[in-house]
Amino acid sequence: MAYLIIEHLEKLGEWVLLEYKHASEWWGDKLIFTNVLPEEREELAKLGGVISQSVTEFPFDRSKMIILDPFAEEELKPEDIEEDTIIVVGGILGDFEFTGKTKKFITSKIEGAKARNIGKVQFSIDGSAIVAKLIAEGRRLEEIEYEEHPTIKLDEFSEITLHYAVPKLEGKLLLTPGLIELQKKELGYEEDISDEELIEFFEGKREL
């Protein structure tokens, strides 16, 4: 089975860690994190191999590397991937549109590696890892289901819309485990707010 490298390019916050954990569930001991700071090493070592150097600096066999880059001209196919292939995903949180960070920070710095896209939609880090795994197992890109900008209900009255696509398997949305709980936490759902505090908030006398 091929290897997956995540070139870590973000602060290791709660959201990023949830996505990394999900990617680890899919890739197991074939997952490697590169560009890891010393203080992040212990946490990421629970999820996969850890290398402090950037993938752009480490002496991997570049002829075996495939970089998942949205701006690549060719799409990733099962026949691109062999047992010793190294698939590289940028550990970059998505924006509302492609920003070219993968090309800037990874693709342009690794001469001799192949670059492939996984479609015209934007996936999260773990979503990209899942799509890569499914293709490595023999599926073609057009056979992989996904939902673009899915709306997730937080409770009876509230919902959020994700600004990226989420892969599906057998009709099931492969959402990052723990993401809904994190969103609730960030929106203050776990706080016990009194009526008096709410009134003061709307009067501009306090922050929640």
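I started at helix α5, residues 179-186, and found L179, L182 and Q183 buried (buried means under 20% relative accessible area, exposed over 50%, partly exposed in between, with a 1.4 Å probe and protein chains only). Before going on, I noted that this is a predicted model, where local features need pLDDT of at least 70, side-chain atom pairs count only at pLDDT 80 or more, and totals for chains, interfaces and linings use all residues. Also jotted down: residues are numbered from 1 along each chain as its sequence is written, and side-chain values use heavy atoms, leaving out hydrogens and water.

Helices here are DSSP runs of H or I with at least four residues, strands are runs of E with at least two, and both are numbered from the N terminus.

Next, α1. I picked S24, which sits in this helix and is buried at 14% relative accessible area. Skipping neighbours within four places in sequence, I found S24 touching L31 and L47.

Last, a sheet. I traced an open one of 3 strands, ordered β7-β10-β11 and paired antiparallel (two strands pair if DSSP finds at least two bridges between them). β7 (145-148) and β11 (172-173) are the edges, each with a single partner strand, so one side of each has no neighbour in the sheet. I followed β7 to β10 (residues 165-169) across 4 antiparallel bridges; E147 has V166 of β10 as its bridge partner.

Technical notes. Contact = heavy atoms within 4.5 Å.
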